[in-house]
Amino acid sequence: MEILDLVNLEELQTMQDTFALATGMAAVTVDRNGVFVTKPSNFSDFCMKYTRKSEIGVKRCERCDAEGKGTYFCHAGLLDFAEPIIINGVQYGSVLGGQVLSKEPDEEKYKEIARELGILEDSYIEALRKVPIRSEEAIHAASRLLKELINMLINFRYEKKKNETKLIVLDMEMENMISKTKDIATRAKSLGRISKEQTILSLNASIEAGRAGDAGKGFSIVANQMGELAESSAEIYQAIIEDANIIHTSVEHLEDAFK
């Protein structure tokens, strides 16, 4: 099971885009392997056009993406966040984002970083000046909010899907039970008819044994036993029919309750 097996991509993307627009921060949802599930929202040129375009820079960024947890400073000095998406105790992905500064940057320091990464200093500094500045408290609060929203959405869809599956199975089992109870009732009725025939045979045997006199005494005992057995069987068959009807009624009540 993956994230998109549970949630519609469009609603996930909309939630993420709205968050990015409201906070000025970047955001993206990734799966358990770090592969993008959504399109990046509000990613900065500083990160995407320059830092990640550098061979050295992209390796450092990927390491930060893999190792970063909660709110943290990336290798380029921006404040980022990585929040887990948990479903039933298992992590299925993460929400990554941030790409903001927590204070006015030291441009000389970033010129050094640009030289390390093989990026033109002036272009890097120009992109840096467009990076939003947010307090650490605001970034912590925003990342937790996005985490809660996305986890609530995905877990709600998970529970809904799980319950839908349960209801389908329950419906199938109820249909099976109804079918079986009908079979029981039909067979029990057939056995009831056999019981009546046994009673008639027992009665006829008793009459014939009486006509035979002393020679039929042994046969008369057997006939009486057949009659008792037929009577007992009839009671059992009737109880089976009644139980089958009770089960059938109970299943119908369950079926009505889940409609």
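**View 1. Ring pairs join F46, Y50, Y110 and Y124 into a cluster.** Here, rings of Phe, Tyr and Trp (its six-membered ring) pair if their centres lie within 6.5 Å; planes under 30 degrees apart count as stacked, over 60 as edge-to-face and the rest as tilted. By this rule there are 5 aromatic pairs. A note before you zoom in: this is a predicted model, where local features need pLDDT of at least 70 and side-chain atom pairs count only at pLDDT 80 or more, while totals for chains, interfaces and linings use all residues. Residues are numbered from 1 along each chain as its sequence is written, and side-chain values use heavy atoms, with hydrogens and water left out.

**View 2. F36 and F43 meet edge-to-face.** Their ring centres are 6.4 Å apart and the planes stand at 75°, which is why the pair gets that label.

**View 3. F46 and Y124 form a stacked aromatic pair.** Look for rings 4.5 Å centre to centre, with 20° between the planes. F46 lies in helix α2 (residues 45-50) and Y124 in helix α5 (residues 121-128), so the pair ties together parts 78 residues apart in sequence. Helices here are DSSP runs (H or I, at least four residues), as are strands (E, at least two), numbered from the N terminus. At 0% relative accessibility, F46 counts as buried; Y124, also at 0%, counts as buried too.

**View 4. Helix α3 has G57, C61 and C64 buried.** On the other side of α3, E55, K59, A66 and E67 are exposed.

Conventions:
Buried < 20%, exposed > 50% of the residue type's maximum accessible area, 1.4 Å probe, protein only.
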